[in-house]
Amino acid sequence: MKRQVHIVGARPNFMKAAPVVAAAHELGDDPYLVHTGQHYDEALSDVFFRQLGLPEPDVDLGVGSGSHATQTAALMTALETTFVDLEPRKVVVYGDVNSTLAATLVAAKLHIPVAHVEAGLRSFDRTMPEEINRIVTDALATELFVTSPEGVGHLASEGVDPAGVHLVGNPMIDTLVRFRDRLDAAPVRRSLGIADDYGIVTLHRPANVDHADRARAIVSALADVANEITLVFPLHPRGRATLSEVGLMDVANLVVTEPLGYLDFMSLVAAARLAVTDSGGIQEETSILGVPCLTVRPNTERPITITHGTNQLVEPTEIAAAAHDAIATPHLPADIPLWDGNAGQRIAKILGGHGGSRQPPAASLQPHGW
Ligand code: UD1
């Protein structure tokens, strides 16, 4: 019987799991790591394991891509066999990707307790696959690790038992804190042939890159921004076809690259004049780094990055003006409570039953007039 089985599958899981798995090792809890293989490319998966020091997965299920139903079904089938074999005492899932949902459904039906890291986030937009995954995962999980206070409120309003809810901070920021001193944009800039004044772009959400009209509006806005500042765009495979079709590759002063590894990517982000993105994690990382972030979405499940950080929601037609203002305005790094580099340790302590306060002192929940 394995004590804790941690499930990772897609790129944003790896930065969240690394500090939790490392802390669980330090506590002697012998965490077991399952990679579902939802992301399987070197650039979306292997490089993160190497750079973040994640142990080789104990099992790699190699599930791969597909429609939501095909992928989720394949994930569930493979995970059921794995859980029946391993008899985990606890399954630990991360974030809001399809691997998170699949592992939660399978574990719950096998009566295995589920711990969800990054619980309680809500965009209130059920057209996002991630929102469905969050709601279902949080409804079934019995331990819920929350990054910021509004998440505690969302879980309370959905009737989640507060005894299982732990406000612990943000393990993705643990990874950033750990590597921050090693970030150096100069070699990456040299290899891309760009000067030191640039903005970084990432877009991969279905709502932005699956439909030509929306993608065209975004590319046209990026072309306007690129008149003012060089843009670097590490392109996720999901967006390649549609964005290329609407002319991304022809935009002057915009450099498209393959997806980058964690260190190269964060080095570029940390030294950028601005970020234009639809990623969840980048909204958080730019806030901590003090880099202005334009999020090309109508909503965010991470409002603390707007109220306490550097983030701003924009429509495609607003990108150029917002970018101009963002470049002209100095931004300070945000100081968000509990986003301090120690969330993984807090989570691992509670997961392993080593104590750890269920809720931090009330004072730490009330900064900045929250
Ligand atoms: C997934 C997550 C999303 C997360 C994103 C980060 C879900 C529902 N979505 O979206 O929340 O922000 O990861 O990257 O889980 N592909 C490759 N190589 C890979 C993996 C995927 O080429 O290693 C291509 C395939 O053509 C695939 C497409 O990317 O069909 C989408 O992959 P998928 O895992 O379904 O979702 P993402 O868009 O990556």
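## Ligand contacts

In this predicted model, the side chain of Gln-38 places an N or O atom 2.9 Å from an oxygen atom of the ligand. For Glu-130, an N or O atom of the side chain is 2.6 Å from an oxygen atom of the ligand. On its own the ligand has 740 Å² of accessible area, and the protein covers 85% of it.

## Residues around the ligand

How many residues are around the ligand? There are 19, and those that come nearest are His-39, Tyr-40, Glu-130, His-204 and Arg-238.

## The largest pocket

The largest pocket of the model has a volume of about 970 Å³. Its lining consists of 47 residues, and Ala-10, Pro-12, His-39, His-204 and His-236 lie nearest the pocket centre. Several helices give two or more residues to this lining, including H1 (11-26), H2 (42-52), H3 (68-86) and H5 (129-140). Helices H11 (237-245), H12 (262-270) and H13 (280-289) are also among them.

Sorted by class, the lining of the largest pocket holds 19 nonpolar, 16 polar and 12 charged residues. Which domains supply at least three residues each to the lining? Domain 1 (4-169 + 339-365) and domain 2 (180-328) both do.

Note on methods. Residues numbered from 1 in each chain as written. Predicted model: local features only at pLDDT ≥ 70, side-chain atom pairs only at ≥ 80, totals over all residues. Heavy atoms only, no water. 1 Å grid on protein atoms, 1.4 Å probe; cavity = no way out; pocket = protein on both sides within 12 Å on 5 of 7 lines; lining within 4 Å. Points joined across faces, edges and corners; volume = space filled by probe spheres on them. Helix = DSSP H or I, 4+ residues; strand = E, 2+ residues; numbered from the N terminus. Nonpolar A, V, L, I, M, F, W, Y, C, P; charged D, E, K, R; others polar. Domains from an automatic or database assignment. Near = heavy atom within 4 Å. Polar contact = N/O pair within 3.5 Å; in protein donor to acceptor, adjacent residues only side chain to side chain. Areas by Shrake-Rupley, 256 points an atom, 1.4 Å probe, with all protein chains shown as cover.
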